[in-house]
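Hi everyone, thanks for making time this morning. I'd like to walk you through one protein, so let me put it on the screen.

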Amino acid sequence: MPSLRRLAATAAGVASLAAVAAPAHAQDTGVQPYRFTVEGYLANYWLDRGGDLDRASVGGYGARVMFNRSTPASVARTFFNRSSVGAYATFTSEQDRVSTQNLGVQLDVPLFPTLIGGRLDPFVSLGAGLLRSKAELQSGDDRTTTDFTIIPAAGTKIPFLGGVGFRGDLRLPIVFSDGNTQLNFLAEGGIYISF
């Protein structure tokens, strides 16, 4: 009978340690498992205009909606649990004789299963979509093109609290236009809300 009491006490002790350790492990990741993220951001393009022309610097805004399949049970984020897919739209009004509309889809993959230093969540990203650009030529005519684009990127999220945070990334839109390949630069930064 004393051995049964000891066994029951040991089992209760192990169960209580496991119950305490599980939340502690969840807090170590520093990342809450949200399903959806909506983001509004500001963007600045440096567009390749071809030839000897300087790059066109145009600023704008955009929105992004991402879906993530992680669950509260997935405490340590695996590669697939931390990947997100979604869609984006970025617009610029006419500046430096150029305006753009960029619509597409993208995949984001955080590099680490936990936050770095409890504050940074770096990621890599790959997008694909269509870039519609309208440029005023030196002759005074307008030229509008719609081209396929691939957009590799890298950046970081900085969570604040309760699913709200800042996201900043540097993107490299590669535009395939009339047999030519244009390499552009894009910087984005904004506030995201996850739920």
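How much accessible surface does the protein have, and what share of it belongs to carbon and sulfur atoms? The total comes to about 11100 Å², and 66% of that belongs to carbon and sulfur atoms. Accessible areas here come from the Shrake-Rupley method with a 1.4 Å probe, and for residues only the protein chains shown count as cover.

Some housekeeping before we go on. This is a predicted model, where local features need pLDDT of at least 70 and side-chain atom pairs count only at pLDDT 80 or more, while totals for chains, interfaces and linings use all residues. Residues are numbered from 1 along each chain as its sequence is written, and side-chain values use heavy atoms, with hydrogens and water left out.

Now the layout. The protein has two helices and 10 strands; helices (H or I, at least four residues) and strands (E, at least two) are DSSP runs, numbered from the N terminus. Going along the sequence, you read α-β-β-α-β-β-β-β-β-β-β-β. Of the 195 residues, 35% are buried. Buried means under 20% relative accessible area, exposed means over 50%, and partly exposed is in between, with a 1.4 Å probe and protein chains only. As for contacts, meaning heavy atoms within 4.5 Å, 56% of those with a separation of 6 or more are between residues 24 or more positions apart.

Let's turn to the charged side chains. Side chains of opposite charge can pair when their charged atoms come close. How many salt bridges does the structure hold? There are eight, a salt bridge being a side-chain nitrogen of Lys or Arg within 4 Å of a carboxyl oxygen of Asp or Glu. Please find R64, which has a relative accessible area of 1% and is buried. One partner of R64 is E39, with the closest N and O atoms 2.5 Å apart. E39 sits in strand β1 and R64 in strand β2, so this pair ties together parts that are 25 residues apart in sequence. E39 is buried too, at 4% relative accessible area.

R64 also forms a salt bridge with E188, where the closest N and O atoms are 2.6 Å apart. E188 lies in strand β10 and R64 in strand β2, so here the parts tied together are 124 residues apart in sequence. E188 and R64 are both buried. Another salt bridge joins D169 and R167, at 3.5 Å from N to O. D169 is buried at 3% relative accessibility, and R167 is buried at 2%.

On to the aromatic rings. The structure holds four aromatic pairs. Rings of Phe, Tyr and Trp (its six-membered ring) pair if their centres lie within 6.5 Å; planes under 30 degrees apart count as stacked, over 60 as edge-to-face and the rest as tilted. Why is the pair of F36 and F195 called stacked? Their ring centres are 5.9 Å apart and their planes are at 25 degrees, so the pair is stacked. F36 lies in strand β1 and F195 in the segment after β10 (185-194), so the pair ties together parts that are 159 residues apart in sequence. F36 is partly exposed at 37%, whereas F195 is exposed at 53%. Together with F67, these two residues form one aromatic cluster.

One more ring to look at is Y192: K157 lies over its face, 5.0 Å from the ring centre. That label needs NZ of Lys or CZ of Arg within 6 Å of the ring centre and within 35 degrees of the ring normal.

Last stop, two backbone details. Most residues other than glycine have a negative phi. Which way does phi go at D96, positive or negative? D96 has a positive phi of about 55 degrees, although it is not a glycine. You'll find D96 in the loop between β3 and β4 (98-110), partly exposed at 38% relative accessibility. D178 has a positive phi as well, of about 50 degrees. D178 belongs to the loop between β8 (174-177) and β9 (180-183), and at 63% relative accessibility it counts as exposed.

That's my tour, so over to you for questions.
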